[in-house]
Amino acid sequence: MSTAKFGCLLLCLVVAKAGFGEPEKPYWQQNVHYKMDLTLLPIEHAVVGDEAITYTNNSPDSLTTWYLHLYPNAFRNNASTRAQEARRFFQKLVPHADDGGYIRIESFRLAQPGLENTETTVVNAYEINDTVLKVQLPRPLPPGATLTVELSFYLKVRKHKGRAGYRGFQYDFAQWYPKVAVYDENGWHPEPFHALGEFYGEFGTFDVTISTPAEYILGATGELVDGDPGWDLVKVDTTLSETDWQTRLTEIKDLVRQQGSSGQMRSATFHAENVHDFSWVASPDFLHESGDWQGTPIHVLYRSRAKAQWSKRVLRRAARALDWLSEKFGRYPYPQLTITHGLLGGGMEYPMLVMNSSESESLILHEVGHIYFYGILGNNEWQEAWLDEGFTTFQTRWYMESRYGKWGFNRKAKFQHGTWLQRHRPKKTSRESSLDGLLRYMDSGFNEPLARGASDYKDGLSYYQNVYTKGAFFYDMLKYVVGDSAFSKICREYFERWKFKHVNEQRFRAVCEDVTGQDLDWFFKQWLHETPKVDYALGNINKRKTEDGWATDVEVLKLESGTMPVEVRVTTESGETQTQRWPGELPHGKLSFVTLTKPTQVSLDPQDIVLDSRPENNGPLRTEFCFEYPGMSYSPRKAYLLTWRPSMWYNEVDKLRLGGRLRGRRGVARNAELGMWFGTSSKELDFRARYSNPVTALGQRTRGALLAQKMEGRIELDAHLAFVNSASLTAAPQHRFWVGANYTKLQADGGKYTRREYDQKADTTIQSWQAGEVYKTWFRYNVNPRGVNWFSNIVLGLDVVQEDWGSDFNFTSLFSEVRFWLPNASNGLFLRFYAQKISDSGSAPIQELVFLDGANPRDRFKRFYLRSHGGVPEEFHLHMPGGGNLRGYYNQPISGDQLLALNLEARRKFRWPFLRQPLRKYIGRLSAVAFFDLAGMEFLDSRKDVFADAGFGLRFASLLPDEWYTVFTGGRNLLLRLDFPIWVSKPLPGENHFRFRWVLGFEQAF
């Protein structure tokens, strides 16, 4: 062959390779057959088991090592990988040693063809590291060959944690047995049990025999092929009246007890094919209902107390779920479905069996949907969670919107028995709520790519917002890009092509491109591997009358790097609408519309589908006006919300104060407030105006705020910036900084508001606010370092007031507060250390001094009920924490310019068993407190003294019903604090050190 011909041929080959790429390698996957014989030992909270694993190497590689997952070892102690990762989020995985669990290999035999004796027992031929067992094979396992492992194990079941364990007499078994690790085209995946993310398993067959004491009722992955799981014993007769059912339930419980006392064992064998995991549950309190979907049995197991919520309802919802999934993706291929009442919060999915905490329809759709996305289409959940969590979150919302319209939930049923407030608060659709949370996360500065290993995310919120919420919107946008019809074909082709196989991004994308004929590289790359920000805006809009109607030219601008095709909708005065799609790739473009009547509205991205970060430039924002209900989180994305609320209070000067406020906001931005109040006796008109907005030029988590108010004899102006800095969005430490300027002035006749009565055997009235102008520059820093069992909060503050700035005073105040507590916010030991020093204090006004008993008048001004004389009668002994916080010196005007204080509390939840329910109903949770306070103070005349007190207290914490009267309480959370400082080191003249004293508060002392 000539050199020229050879060169031409070589060039053709290169071009061909470049054009068509490498030929796709044949797909293969390994196969595993598990045989297990198990016995549950409830007294030991343990399972003993024999397991035989037959493993076939279908890969083109010879294997020299082999791996098993031993997931329960993650909960052996706090040294495991999962426990160490949990510590990153300040969680102690195993709080007490007795709560932990583990799996111990008791014996291990490996038989491999090609060995001199295939029955050779390999002793200690493995090593265990954390949750992974590694075997060095005696000789390589060639393609097509099979090995058999026979082992016995002892499983110590942990107290329920995460997905599995025991609580009471119920056992949930998940990630519980020695499980073969996946070997695929990328090699072995012996991934340890992580704190975030889930799992990856080999498809195969399970034959599992479970033996338990006879009172236990069983449910499991697979089809029952032998034995008795106890279903007939606890079968629910749904035709009985409630009275007859209670009689029948008593009979059932008696029969269960009789079987338990007999000492006999119950045994059942389950068979499952084409699954990559096996789970089971056991409880003596289960009831059983059964039904079917198109001949496929459905089993429901729930705790007896939940019958009213679960009976019949779960069966109907399970059948609808199978209808939906089979229609949209492919017929449900397994021989049965079991839905169980799990111990975990939320739900968890396993092949043919799901564990749900409630009968929620969306929860059933989500978890049964997981049998498709993770179960049938077996992705690596740890590495590509968006393929299962994202897809089933998407399909759940798709179902709920198809069934219930735009709301995405059964609005009628939800509010039929709801409270007055629940029925009247404005609400968002399910989709709107998810979208708001996702866009806040994406604009937070902590947005991470969707295609990321679960344990690589910075915190749990990033993991959740990505794999669940952003993952779901990934499929929403894919459906929007390719069209509804093409997307439906993708769903069915994806299922048909890859059921019972391992899937990944490349395989899903190939299906999408094969079905649509589109190159979707830009879409997958952008939304999976990058963190795009999308912002399209309407530019110039030109409308003109023509002979045939109206012509409208719409300019569209691309303001950020994220690319999506974006729609523009024109609405005319006759109600006609036209929608066109712009590719969205260029910095700007133009769309032209021809309509019969005059256009009245032009909107960009009318479906709100492309994750546009700034909806305000997509068209005119509508304005919504409503009452400001307590607990209202409503904030529409494409509207400016105005809320109104009246208010009324009393003080000795104004007598009755009547007024109200208007608040306006768009999302978390542009928050504005205007309030006005009128004193019926003083004829004074007060007002407050506030405005805050993100200042993104200084950082994504920077916010600016302005305040102007004339309030009860005082004028205040304030402007400040607030910054937040942290390594993750939610995990401690969070560093917060404030810098601002403040002006206050007591009006000429404002002194009538600022008198305060002190009870020192005789009523004494003292002015608590000094006249004059205060121009202040202020700084605050707050950080919350913490550990696994302890919490803390540190505040540093600096106030600088200078006469050179026009102030009537000249001083500098520096303070620090450290709070420390363990183990939680309601129980344990609490410590507060406070120090403050005021320089040039002779020039400081009284309202800025540090007070021994609590907050100074400047801080009390922030509480409307403590702002002025008579707002709350002094006889109420209402205490506001702050300063020295020595409650035993309440209502004594002890103030100075320097203070060191130490406050200690020991809190413990208090239960009275015989009164618990009545008390909880009326006064909420009760805690008992013992406290000790100590402070050293320097007075303005340079005198120094030390003060101390001690006593006990009670805390009543209530969550009020979501009823109409919370309009007046301002919210549902109520804390009532009663402290009794029965001892003080320096009593008033004529008093004893020990004396009954009390103070009342609506917040913790610290």
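Visitor: How many salt bridges does a search of the whole structure find?
Guide: Keep in mind that this is a predicted model. Side chains of opposite charge can pair when their charged atoms come close. Searching the whole structure for such pairs gives a total of 65 salt bridges.

Visitor: Take R497 and D514: which helices does that pair link?
Guide: R497 and D514 form a salt bridge, with the closest N and O atoms 3.1 Å apart. The two residues sit 17 residues apart, so to speak in distant parts of the chain. R497 belongs to residues 484-498 and D514 to residues 505-516, that is, to helices α12 and α13.

Visitor: Which strands does the salt bridge of E673 and R663 tie together?
Guide: The E673 and R663 side chains meet at 3.2 Å, N to O. E673 is buried at 8% relative accessible area, whereas R663 is partly exposed at 26%. The partners are 10 residues apart in sequence, and the strands they tie together are β34 and β33.

Visitor: Which element gives the largest share of the nonpolar patch?
Guide: The patch covers about 740 Å², and its residues include F625, W644 and F687. Two elements give two or more residues to the patch, β35 (685-694) and β34 (669-679). F687 lies in β35, but the largest share, 3 residues, comes from β34.

Note on methods: Residues numbered from 1 in each chain as written. Predicted model: local features only at pLDDT ≥ 70, side-chain atom pairs only at ≥ 80, totals over all residues. Heavy atoms only, no water. Patch = residues over 30% accessible without salt bridge, like charges linked within 9 Å, V, L, I, M, F, W, Y side chains within 5 Å. Areas by Shrake-Rupley, 256 points an atom, 1.4 Å probe, with all protein chains shown as cover. Salt bridge = Lys/Arg side-chain N within 4 Å of Asp/Glu carboxyl O. Helix = DSSP H or I, 4+ residues; strand = E, 2+ residues; numbered from the N terminus. Buried < 20%, exposed > 50% of the residue type's maximum accessible area, 1.4 Å probe, protein only.
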